[in-house]
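Open the model in your viewer and keep the selection tool at hand.

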Amino acid sequence: MAYLIGVPLLALLSIIQSTVLSHLQLFEGRPDLVLLAVVGWSLAGRTEEAMVWGMIGGLFLDLLSGLPFGSSAIALILVAFLVSLSEGRFWEAHLLMPLSATLVASLTFHILGMGAVLLTGRALDPSLALTRVILPSTFLNLVLALPTAQLAGGLRDRLFPPEVEI
Amino acid sequence: MRRSTSQAIIAITLILMVTGLMVLSLSGHLAPLQGLILRPFSGIQSWIALRVAATRELLSSPRDVASLREEITQLESEVTLLHQEIISLREQAAEAEILAALLDYARAQPESSYRATNVIGRDVSPFLRSIWINGGSDTGFSRGMPVVTQQGLVGRIVEVFPTIARVQLILDPEASVNVKLQQSRTDGLLSPQLNGELWVDLIDQTVTVTQGELVLTSGLGGKYPTDIPIGQIQNVRRRDYELFQQAVIQPSVDFDDIDIVLIITNFRPLPLEHIAP
């Protein structure tokens with residue numbers, strides 16, 4: 001069920017990322033909707049599914065990018081895995097958890113993206129990339145982190161209502 | 001087995017699967033599948049892009065919004081219908097205006113044949129400066145075709161699928177265009193900077209470059225046709241101890257606001273990589 005909803009949702013988010021969010025920039029940074037969806041789903045406790053979402057969403061992003069096919073997918077799988085490491089820890093339910101997870105996820109995703117650009121032999125100034133792309137994108141992602149976590153939690157409760165013993 | 005171990009196994013398995021796909025993609029075996037998936041994508045992208053363009057048009061002209069609001073107040077009963085109609089008509093008018101300007105441009109360059117198409121998206125990676133256009137190999141577009149607007153050079157097609165194509169903008173640091181300065185009659189090389197600035201490099205030190213001078217494609221290298229405007233000289237950087245001088249230019253195309261572009265379909269770039277040294 002999670003994939004039935006996840007696949008079209010991720011496809012739609014990657015299209016919105018390409019068409020709409022390219023006009024809503026802070027310097028050259030934009031919010032990463034697919035990343036937020038993967039982090040949100042992982043924080044909602046669906047960690048294994050979130051990794052598969054990361055792969056599928058990343059492949060959709062790679063279709064709409066000049067980066068080597070698969071690079072965003074690998075970055076998002078790693079991001080989902082990193083976020084899943086918080087599962088079961090005592091700070092898991094902390095209010096700041098979505099923010100810190102999004103911070104780590106954004107930085108990891110963009111640093112891996114930058115690595116993919118450098119691996120393809122393209123010119124890239126890391127300090128400019130940091131100030132004009134990575135930090136603004138991370139800030140925008142942090143702004144959207146809490147509402148995304150709420151939405152993901154709501155979607156999880158609808159799709160997988162908690163079982164109650166009577 | 002501990003949960004974190006099983007998660008690590010899942011992550012490694014997925015990464016290996018993606019690595020396999022990556023290898024298939026690099027060898028070109030995935031292209032038909034990518035084209036197939038991008039087919040519905042391009043349809044949805046162009047549908048969304050049209051609405052985004054209409055909304056941006058609406059938001060960027062406050063005077064029109066005011067008149068729209070007035071009209072909406074007068075016709076309360078038809079408010080939703082009328083609002084949609086106005087947005088749609090305005091978009092059509094804006095599109096017609098752009099197309100008329102493009103047609104004028106195309107008429108002024110009879111040696112080239114053009115095909116107009118919509119911009120339907122931008123590269124999702126903020127590190128790359130490229131756009132997606134509606135139309136691909138099914139429409140007759142191929143790699144290397146130059147892309148222009150009535151204002152000047154936009155870039156060239158670098159990736160083609162059946163229904164969609166990627167255009168590398170001249171702002172991308174990987175794009176290099178041989179240019180000439182119109183007044184001083186000297187050549188240079190357009191070198192886009194990582195901070196988004198456009199520089200013309202390799203300008204002869206002996207040449208006097210003036211502010212406002214027009215920069216055009218020179219046609220050298222065979223990647224672009226000649227005499228397509230690129231921009232105007234904004235300021236010149238000249239140091240006596242350097243071999244060449246550089247100039248910062250203001251691009252003639254507003255890259256943040258491109259909705260429709262023209263593809264020069266009869267231009268075939270020279271395959272320089274096949275020329276033996």
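Which residue is the bridge partner of B:K180 in β9(B)? Select B:L216, and you have that partner. This is a predicted model, where local features need pLDDT of at least 70, side-chain atom pairs count only at pLDDT 80 or more, and totals for chains, interfaces and linings use all residues. Residues are numbered from 1 along each chain as its sequence is written, while chains are lettered from A and ligands numbered from 1 in the order in which they are written.

Next, select β6 (residues 177–181) and β9 (residues 214–217) of chain B, which pair in the antiparallel sense over three bridges. Pairing here requires that DSSP finds at least two bridges between two strands. Strands (E, at least two residues) and helices (H or I, at least four) are DSSP runs, numbered from the N terminus.

Move on to helix α4 (residues 71–84) of chain A and helix α1 (residues 3–26) of chain B, whose axes come within 9 Å and cross at roughly 175 degrees. Axes are lines fitted to C-alpha atoms, for helices over the stretch in contact, and angles run from 0 to 180 degrees between N-to-C directions. Among the residues making this contact are A:I77 and A:F81 of α4(A), with B:L14 and B:V18 of α1(B). Contact means that C-beta atoms, placed from the backbone, lie within 7 Å.

Finally, show both chains: their contact takes 42 residues from chain A and 39 residues from chain B. On chain A's side, α3(A) supplies the largest share, seven residues.

Conventions
Contact = placed C-beta atoms within 7 Å.
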